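Dear colleague,

Please find below the structure that I was asked to pass on to you. My notes on it follow.

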Amino acid sequence: MCQSVPAGYDATPLNPHQYPILIKIFGAVVCVVVLASLISAPPYLIAGRQVYQAKRAYLKGDFSAGLAIYQDVFKKYPKAFAARVGVAQGLFAQNNEESSKQAFEMLRLSKLDKYQWEDLKKVMPEKYQRAFEPVGKYDDYVVKNEVTE
């Protein structure tokens with residue numbers, strides 16, 4: 001009889017439980033995925049902080065500092081859409097034709113939400129703005145036309 005059971009109760013101890021092998025394998029896979037996420041996340045967190053710093057620089061009107069930060073992030077993560085839009089915004093803000101062409105080409109296959117579009121419109125020359133058209137019910141903008149003078 002168990003020592004912890006009060007007198008008068010007929011109790012038997014529980015048998016040790018063994019988890020099925022599939023549950024053990026699933027638990028191991030979850031642990032590996034969590035570990036891989038913890039290892040791969042820090043560079044993306046750093047890039048996110050850099051994007052935030054670049055946005056702050058743009059809001060202060062310091063487009064050269066913001067552009068340098070965005071270009072650094074875009075160089076490391078070429079698929080980062082926020083960095084692509086940020087670089088384009090900085091290039092448009094330089095107010096020269098070569099930079100504007102380069103920025104437009106960066107955005108050619110991109111779909112901009114209305115907030116990104118509003119930010120870009122502030123620095124984008126009018127002839128480039130005419131090349132964009134709204135699509136869908138959420139006011140997204142894409143390049144539909146060629147740039148005309």
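Please bear in mind that the model is a predicted one. Val29 is part of helix 1, which covers residues 21–59. Together with Ile21, Leu22, Ile25 and Val33, Val29 makes up a nonpolar patch on the surface, and the accessible area of the patch is about 490 Å² in total.

**Helix 3**

Helix 3 consists of 13 residues, numbered 81–93. From its first C-alpha to its last, helix 3 reaches 18 Å, close to the expected 18 Å at 1.5 Å a residue. Its buried residues include Ala83, Val85, Gly86, Leu91 and Phe92. The buried residues of helix 3 pack against helix 1, helix 2 (63–76), helix 4 (97–107), helix 5 (114–121) and helix 6 (126–129). After helix 3 comes Asn95, which has a positive phi, near 55°.

Ser100 is located in helix 4. With a relative accessible area of 2%, Ser100 is buried, because the limit for that class is under 20%. If neighbours within four places in sequence are left aside, Ser100 is in contact with Leu91, Phe92, Pro125 and Tyr128.

**Aromatic pairs**

How many aromatic pairs does a search of the whole structure find? The search finds 8. One of them joins Tyr58 and Tyr70: the ring centres are 5.2 Å apart and the planes stand at 50°, so the pair is tilted. Because Tyr58 belongs to helix 1 and Tyr70 to helix 2, this pair ties together parts that are 12 residues apart in sequence. Tyr58 and Tyr70 are both buried.

Trp117 and Phe132 also form a tilted aromatic pair, with 5.0 Å from centre to centre and 45° between the planes. Trp117 is in helix 5 and Phe132 is in strand 1 (residues 132–135), and the pair links these distant parts of the chain, 15 residues apart. Both Trp117 and Phe132 are buried. These two residues also belong to one aromatic cluster, together with Phe92, Phe104, Tyr128 and Tyr141.

Yours sincerely

Technical notes: Residues are numbered from 1 along each chain as its sequence is written. This is a predicted model: local features need pLDDT of at least 70, side-chain atom pairs count only at pLDDT 80 or more; totals for chains, interfaces and linings use all residues. Side-chain values use heavy atoms; hydrogens and water are left out. Patches are made of residues with over 30% relative accessible area and no salt bridge: like charges are joined within 9 Å, nonpolar side chains (Val, Leu, Ile, Met, Phe, Trp, Tyr) within 5 Å. Accessible areas come from the Shrake-Rupley method with a 1.4 Å probe; for residues, only the protein chains shown count as cover. A salt bridge is a side-chain nitrogen of Lys or Arg within 4 Å of a carboxyl oxygen of Asp or Glu. Helices (H or I, at least four residues) and strands (E, at least two) are DSSP runs, numbered from the N terminus. The expected span of a helix is 1.5 Å times one less than its number of residues. Buried means under 20% relative accessible area, exposed over 50%, partly exposed in between (1.4 Å probe, protein chains only). Contact means heavy atoms within 4.5 Å. Rings of Phe, Tyr and Trp (its six-membered ring) pair if their centres lie within 6.5 Å; planes under 30 degrees apart count as stacked, over 60 as edge-to-face and the rest as tilted.
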